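Let's take a walk through a protein model together. Keep the picture open while you read.

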Amino acid sequence: MRVGIIGAGIGGLCAAVGLHRAGAEVTVFEQAPSVRAGGSGISVFGNGLRALDAIGVGDVFREISSSEAARFTGGQRRPDGAWLKTFPADAITELRVVDREPLHEILLSPLPGSAVRTEAKVTAVSPAGSVSWSDGSGAQQSEDFDLVIAADGIGSRVRRSFQSDPGIAYSGYSAWRGITRHPIDLDGEAGETWGTRKRFGIVPLKGGYVYWFAVLSVAEGHRFADNHAALREHFGGWHAPIAELIEATDADRIGYQPISDLGGRLPSYTRGRIALLGDAAHAMTPNLGQGGGQAMEDAATITALLAPIAGSQAAPERAVADALTRYDKLRVKRTQSIAARSRVGGQLAHAPGKGLTGARDLLLKATPTAALRKQLTSIQGWRPPSS
Ligand SMILES: Cc1cc2nc3c(=O)[nH]c(=O)nc-3n(C[C@H](O)[C@H](O)[C@H](O)COP(=O)(O)OP(=O)(O)OC[C@H]3O[C@@H](n4cnc5c(N)ncnc54)[C@H](O)[C@@H]3O)c2cc1C
């Protein structure tokens, strides 16, 4: 069968790899001139790892990623460094962290070169499976597919064509992300540090390099003239090695972006021969580190559901429709529940005012470890459906 995939982000590439391996003829349309992941790191928990195993790239992912974060003490600290809550070590044993660029490389490498078209901006998709796009010269073209997977990110043009599109909602906070230019000794401690309406996250990468993020409550659209100066002002006085991490990161390796999720829930991720996947379907705040993991799960799920017909010359409409009905059943509830939990986590972390910060810290300290373990394992214990 022929599958058109819009977007060469983590979600689109995972779907392309899985379906290509299952025997489908895949074409990926990417509007950018090259397939790039953008800087920074990404945490992948056990659920994402099993999805990568299911599409056949789990072993190579283990080689390029670091498992150190799972052995470090993690959880939430106060700005003076005192731990408020530590993660139960047995609940995050599979956590791995990777620089996004090599992750993109291992997802691209199993695909034939002709499968990925860059400078191919999709302008319209019909429920019958027709994709219209403009190439680098601006010329309009169109092509028909048995299935179109829209993995075109949070701003998805395809999702906007769904009547029930809830649109995008700004969370109230924006984030910087960076990777240090040299290894830094973290003394076995990582995780997040929570202040009043701001927090800083530390994540070890392979070779001692450190991926960090800093999140601040700011008005939507606010920009800083000098990222280093803003980071120093807000986090420079926090516990070691936060100031050192900021100074050890080159300005061109620091990214800044508003954090948003979807303004409501889509009742279905499918329409005719179209399936939404990844952030296009369920963009979530990054508080649980699950946006990419859920895109990987979507890709592994759709691969398993289509595997029986992927290698056929032309997929019967009925078989595609049945697979998409099951895709909705398996993905809508789970992803929206995780997105909702992630949003609440962000609201808690950014509790307004000093008084509420104190109450939040007390709540965090009082959270039973068993409840935390249950929450973590309910997300990470996911397994792909059998084909
Ligand atoms: C600060 C931050 C930290 C995060 N940390 C984590 C983490 O630790 N773990 C985790 O699992 N997730 C994390 N996430 C979430 C994760 O980054 C996203 O969920 C994931 O990257 C989404 O992938 P995607 O493929 O769905 O979309 P995207 O990565 O947005 O890819 C969409 C692609 O589609 C292309 N495109 C868009 N429109 C068109 C068009 N019309 N035609 C052709 N191409 C088009 C775009 O150019 C892009 O390449 C984090 C997110 C943020 C913001």
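First, some ground rules. This is a predicted model, where local features need pLDDT of at least 70, side-chain atom pairs count only at pLDDT 80 or more, and totals for chains, interfaces and linings use all residues. Residues are numbered from 1 along each chain as its sequence is written, and side-chain values use heavy atoms, with hydrogens and water left out.

**Helices side by side**

Two packed helices are described by the angle between their axes and the distance between those axes. Helices (H or I, at least four residues) and strands (E, at least two) are DSSP runs, numbered from the N terminus. Axes are lines fitted to C-alpha atoms, for helices over the stretch in contact, and the angles run from 0 to 180 degrees between N-to-C directions.

| Helix pair | Angle between axes | Axis distance | Crossing |
|---|---|---|---|
| H1 (residues 10-22) and H10 (residues 291-310) | about 25 degrees | 8 Å | right-handed |
| H10 and H11 (residues 317-349) | roughly 160 degrees | within 10 Å | right-handed |
| H1 and H5 (residues 100-108) | roughly 25 degrees | within 9 Å | left-handed |

About that last column: a crossing is left-handed if the near helix is turned anticlockwise from the far one by less than a right angle, and right-handed if clockwise.

Let's start with H1 and H10, whose axes are 8 Å apart at an angle of about 25 degrees. That makes H1 roughly parallel to H10 (angles under 35 degrees count as roughly parallel, over 145 as roughly antiparallel, 65 to 115 as roughly perpendicular and the rest as oblique).

The contact includes Glu297, Asp298 and Leu305 of H10 and Arg326, Tyr327 and Arg331 of H11. By class, the contact of H10 with H11 has eleven nonpolar, three polar and five charged residues.

H1 has another partner in H5, and the two axes cross at roughly 25 degrees. H1 and H5 are therefore roughly parallel to each other. Ile10, Leu13, Cys14 and Val17 of H1 meet Arg100, Leu103, His104, Leu107 and Leu108 of H5. These residues divide into seven nonpolar, one polar and one charged.

**Rings that pair up**

How many aromatic pairs does the model have? The count comes to ten. Rings of Phe, Tyr and Trp (its six-membered ring) pair if their centres lie within 6.5 Å; planes under 30 degrees apart count as stacked, over 60 as edge-to-face and the rest as tilted.

One of the pairs is Phe29 with Trp133, a tilted pair at 4.8 Å centre to centre, with 55 degrees between the planes. Phe29 sits in strand S2 (residues 25-29) and Trp133 in strand S9 (residues 130-134), so to speak linking distant parts of the chain, 104 residues apart. Phe29 is buried, with a relative accessible area of 1%, and Trp133 is buried at 5%. (Buried means under 20% relative accessible area, exposed over 50%, partly exposed in between, with a 1.4 Å probe and protein chains only.)

Trp176 and Phe235 form an edge-to-face pair, 6.5 Å centre to centre with 85 degrees between the planes. Trp176 lies in strand S12 (residues 168-179) and Phe235 in helix H7 (residues 227-235), so the pair ties together parts that are 59 residues apart in sequence. Trp176 is buried at 0%, and Phe235 is buried at 0% too. Both belong to one aromatic cluster, formed by Trp176, Phe200, Trp212, Phe224, Phe235, Trp238 and Tyr256.

Most residues other than glycine have a negative phi, and most peptide bonds are trans. Where does this model show a cis bond? The peptide bond from Ala240 to Pro241 is cis, with omega near 0 degrees. Pro241 is in the loop between H7 and helix H8 (242-247).

Glu119 has a positive phi of about 50 degrees. Glu119 lies in the loop between strand S7 (116-117) and strand S8 (121-125), and is partly exposed at 41%. Asp187 has a phi near 55 degrees, also positive. Asp187 is in the loop between S12 and strand S13 (191-194), and counts as exposed at 63%.

Conventions
Contact = heavy atoms within 4.5 Å. Nonpolar A, V, L, I, M, F, W, Y, C, P; charged D, E, K, R; others polar.
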